[in-house]
Amino acid sequence: MKSVVLIATLIFTLSLTAQTPYEKGMNKAFSLWEQQKNTEAAQLFERIASVEKDNWLPSYYVGLIEIISSFGLKDEALLNTKLTRAKEFLDSASAISKDNPEIMISYALLNTAYIAFDGAKYGMTLSGENVAIYQKAQAIAPNNPRVLLGKTEWDMGTAKFFGKSTAPYCEDIERAIDLFEAEEQAIPYYPYSGIERAKEISNNCKKETSPK
Amino acid sequence: MKTNLFLLLTFFCYNLFGQSTISGKIIDQQGVPIIGANVYLNGTYDGTATTDDGTFSFETTSTGIQTLIASFISFETYSKTAEIGNFKNITIKLKDDVNALDAVTVNAGTFNAGDNAKVTALKPLDIVTTAGALGDFVGALQTLPGTSNVAEDGRLFVRGGGAEETQIFVDGMRVFTPYSPSANNIPVRGRLSPFLFKGIAFSTGGYSAEYGQALSSVLLLNSIDQPQEEKTEISVMTVGLGLGNTQKWKKSSLSLNTSYINLAPYQKLYPDNNEWHKPVESIGGEAVYRYKFNNEGLLKVYGAYSSADFDLTQEDINVADGVRFGLKNENLYINASYQDFMKKDWSIHTGVSFARDRSVIKLNEANITDIENSAHLKLVFKKYFSSRYKLNFGAEYFLTNFKEDYQDSSFANKFKFNNNIFSSFIETDVFFSKKFAAKVGLRGEHSELLQEFTLSPRLSLAYKAGENSQFSLAYGEFFQNPTNQYLKFNSDFKAENTTHYIANYQYSKNKQIFRAEAYYKNYGNLVKYDTLFVLPTSTFNNTGSGFAKGLDIFWRDNKTIKNTEYWMSYSYLDTKRDYQNYLTSATPDFASKHNASLVVKRWIEDWKSQLGLSYNYASGRTYTDPNKGGFLTEQAKSFNSLNVNYAYLISPQKILYLSVSNVLGTKNVNGYQYADQPNMDGVFNRRTITPAADRFFFIGFFWTISDNKNDNQLDQL
C-alpha cells in the first residue's frame, strides 16, 4: 500500500486571448503549482473558490494540493492538519458537484495518505473505505480512465502486499490508457491528467509481470 | 498585442472605479508574525499572502461593505465584515486551532484506542492481535498499566478496585452483564465481539460526569457506524464454529453473527484439573442494524442472545468428593441509540439498553435461580458554542430488578429487590488556548432503593508544557450502589464512594508515547458484614474504608524497530481495605503490588505473517495462613506468563491463526485453600489453587467471502 504514490501533473495551455478573471486566476494558480509553490497555489485556488461558488474545481484543487503535499510527511500533527483541511475543501467541492467521480477518488487518495503514513493505525478502517469508494466510482463512471487507474493501482498495491502477481491488472492499465486517449477534453481546467502515470505503470508491467 | 490592449483596458477600468489598498499585519496570539498566511476579500479575486514579517498589502476595486478573510494552516480562520476603508493597517490576531493534533488533550486517567484519538495507546487492531488476549475485548486492555492481573477471574481490576467497580458502556449505554459466566477459578470472557467497535476509551480514573455507578473505571466502546461492504464470514476453530453475514442497503445495513462453542473435544485432548460432567457448550447470536436518516441522524440497534451450559466437579479441601457446580445461563441484551445534529450547533444523543439474564445454578444439593432484568434510558444534549467551548448535559435512569430463588434440602427462600437510580449531569469543555484546557462537570444521583441523593463533582485540567509533552490533573468523586449480592439481603445502605486524585505526564512524538501517572484513591462507606459468607442472617453496615495509591508507567514505540511495534507497562500499587468480612485493614487478595507487561508484534513480510508475543508479570498476591495467624499477611508466589500468537495470511481472504497461552508452562499459583479444621497434628492442611490448565492452545481458520477480494477477518482475531 505504501507503494501507492500518485504524482499528478496537469497540462494546460495558456491562451493568449483575453482572459476572464477566473481564467487568469486559474492559470496563475496552475503555474504556481507547476513551480512547486504549493502553498501559494492552494491559497490562490482558495481565493478563487470564494468567488466561484458554483464551480467545484477550485475547491477540488485546494484539497488535491494539500493531499499530494502531505505524502512523505513525518509529523503526524502536520499530516492531520493538512488532510483535515483537504477534507474540508473536498467536502465543499462535493457539495457543489454531487457523485463526482473525480472528487470521490480524491477522497480515496486522502485515505491513502493516512495509510501510507501509518498502515497499522489507519489501514484497517480506511483500506476498506477506499475499496468501497472505488466500487461506487466505477459504478457511476465505468469509462473514467482515472477511476480505473486509481482502482487498479490500489488493487496492485494490495496484490503486491500479499505477494500475489500483479500481472492480471496490467490489462486494466492498458484499458485505462485507451480510455485516456479516447477522452474528450472539453471542460477547461478539468483534471484530465493521468495518462503519463498509466504509461509508466504499463512499462513496468512489461518489464516484470510477476514479483517472483 | 491583444494582451496589451486588454491590460490597457483593465487599467483604464480600474482607474475609472478607483482602487483602494488593503494592508496590515497578521500575528499569532503571542504576537509572532505569521508568514505565508492567505488574506483576501471574500468573493473577489483580490488577495495575497503575508510576507516574511507578517505584513500584507493588496489593491482592490471593490467598495462598500466587504468581508476580509485571513486563513493559515493550524489556525482558526479569521473573518471580519466592515466598510472597506477600515481594512488599512489592520492587525489580525489568528487563534490557534484547538482541534489540531498537537493541541492539548484532557486525558488524565484515560487510554484511547481508535483512529480519531489524538494520542493512541492502542490501535483498533491491537484489541484483537495481542498475544494472550484470545479475541476477548478486555484481553488487550489488561496489558495497560493500572490493571491488576487476576488470571483466574478474567475481568478488569483497576487500581486496587474490585472487578465490579468497572462499568462498560456501548455507544454511551450501559452493558449490564458484559461477561459470560464461568466456574470458579476459570476466567470469564467478554460477551461482546471485538470487531463491532471502532473506538475504545479506557479510563482508569477521574472520568467524565456523564458516567456514574462505577467506583474505579469505565470502559467506553463505540460501535462502527456503517460496515464497508457485504460479506460472509466463516470461522472454524478448535473450540467451535462461527458464521457471519453483512448486508448493506442504501441507507441501512444489517450484520448477523452466530457462534457455537463446545469445549468437549478440546478437553478430551488436553484434560484439565477439573472433572467435567458437561464441558462448556454455548450458542450465541448477535445482530446490528444501522439506519442513516436524511438529516444525518443515525439509529443503531444492537441485539445479542447467548445461552451457555456446563457442569463440573472441582476439588475442595473440605469436601472429599469435591464441589459440584452446574450452570445454565441465558442472556439477552438490546442496545438502541440515536444520534442527530440539530440547528445552531446542538446535537442530541439518546438511547435505551435492556438486559435480561437468567442463571440456573446447581451447587452441590442447592438449586439457585437468579433472574436480573435491567434497563438504562438516557438523553444527552450537546451544544457546540465554538471549538473552544462546549457544553453537554443530560439525564439517565437505571432500572434493575433482581430475583433469586434458593432451594436446598433444609432451606428455601426467595429474595428480590428493585434498584432504580435517576441521575443527571452537566459538563463543559473549555479551551483557554491551544496549551491549556479544562473539563468541569457535576453529577447528581438519586437511588430509590437506598433513599439517598449523591453529588459528584469532577474536574480535569491539562497543560501543554512543550511541543511534545503535557501535564494533566484530575479530581473526582464517585459513587456506586452496593452489588446485588448484598442488596438481595439488605437495603439499608449508603452508596459506596471513592475520591480520585490523578497527576499525569505524557510525552508523545512520532509514533512513540511515554506516560506516567500517579494517583491516590480514598474509599469510604464500603459494605461490611460479620459472617464467613454473605448470608441472609448477616449483619451489614457501611463503615468500611480503604485507599489505593500508585504509579502507572506506559511506553509504546512503533518507530525504532522496523515492522515491529511494542509496548511496555508497569504499575505499582499500594492498597489496603477494611471491607466485606475483613478482620482488619489489609491488602485484598486480588491486588498485586507490581504488575508489568511487554507486548511485541512483528510483521514478517516474506512469510505474510504477524508474530505476536506478550509477557505478563504480577507479584504475589496476599492470602491468609491460619497456621501462622494474621489476616491476609502472607504473599503467594509471583505470576509469570509468556504468550505467543501467529497469524498467517494464506491469501487476502483466508487466515490461519495459532495461539498458545503460557507457552513455557510456568506453574502459576492463584491462591491457597486451607482446611476449616486442623488435622491431628494441629496443622491446617492446604490445597494450592492452580489454573485449570497451564497452557491453552487455539487454532482457527477464518475465511471471508465478499466482492472485495482484500477484506479478511484479521480484525477479528
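Chain B splits into two domains: domain 1 covers 2–93 and domain 2 runs over 110–716. Keep in mind as you look around that this is a predicted model. Going by C-alpha atoms, the centres of domain 1 and domain 2 of chain B sit 57 Å apart.

Now for a sheet in chain B. Strands of a sheet pair through backbone hydrogen bonds, and they can do so in a parallel or an antiparallel way. Here you'll find an open sheet of 3 strands, ordered β4-β1-β7 (chain B), with mixed pairing. The edges belong to β4 (55–60) and β7 (90–93) of chain B; each has a single partner strand, so one side of each has no neighbour in the sheet. From one strand to the next, the twist averages 30 degrees. To see one pairing in detail, take strand β1 (residues 20–27) of chain B, which runs parallel to β7(B) with 4 bridges between them. Among the residues involved, B:I26 has B:I92 in β7(B) as its bridge partner.

Over in chain A, have a look at helix α1 (residues 21–34). Its 14 residues span 20 Å from first C-alpha to last, close to the 20 Å expected at 1.5 Å a residue. Which residues in α1(A) are buried? They are A:M26, A:A29 and A:W33. Viewed down the axis of α1(A), the buried residues fall within an arc of 65 degrees, so they line one face of the helix. Just after α1(A), A:Q36 adopts a positive phi of about 70 degrees.

Methods: Residues are numbered from 1 along each chain as its sequence is written. Chains are lettered from A and ligands numbered from 1 in the order in which they are written. This is a predicted model: local features need pLDDT of at least 70, side-chain atom pairs count only at pLDDT 80 or more; totals for chains, interfaces and linings use all residues. Domain bounds come from an automatic or database domain assignment. Two strands pair if DSSP finds at least two bridges between them. Helices (H or I, at least four residues) and strands (E, at least two) are DSSP runs, numbered from the N terminus. Axes are lines fitted to C-alpha atoms, for helices over the stretch in contact, and angles run from 0 to 180 degrees between N-to-C directions. The expected span of a helix is 1.5 Å times one less than its number of residues. A residue is buried if 20 or more other C-beta atoms lie within 10 Å of its own, exposed if 12 or fewer, and partly exposed in between; C-beta atoms are placed from the backbone. The arc is that of the directions from the helix axis to the C-beta atoms.
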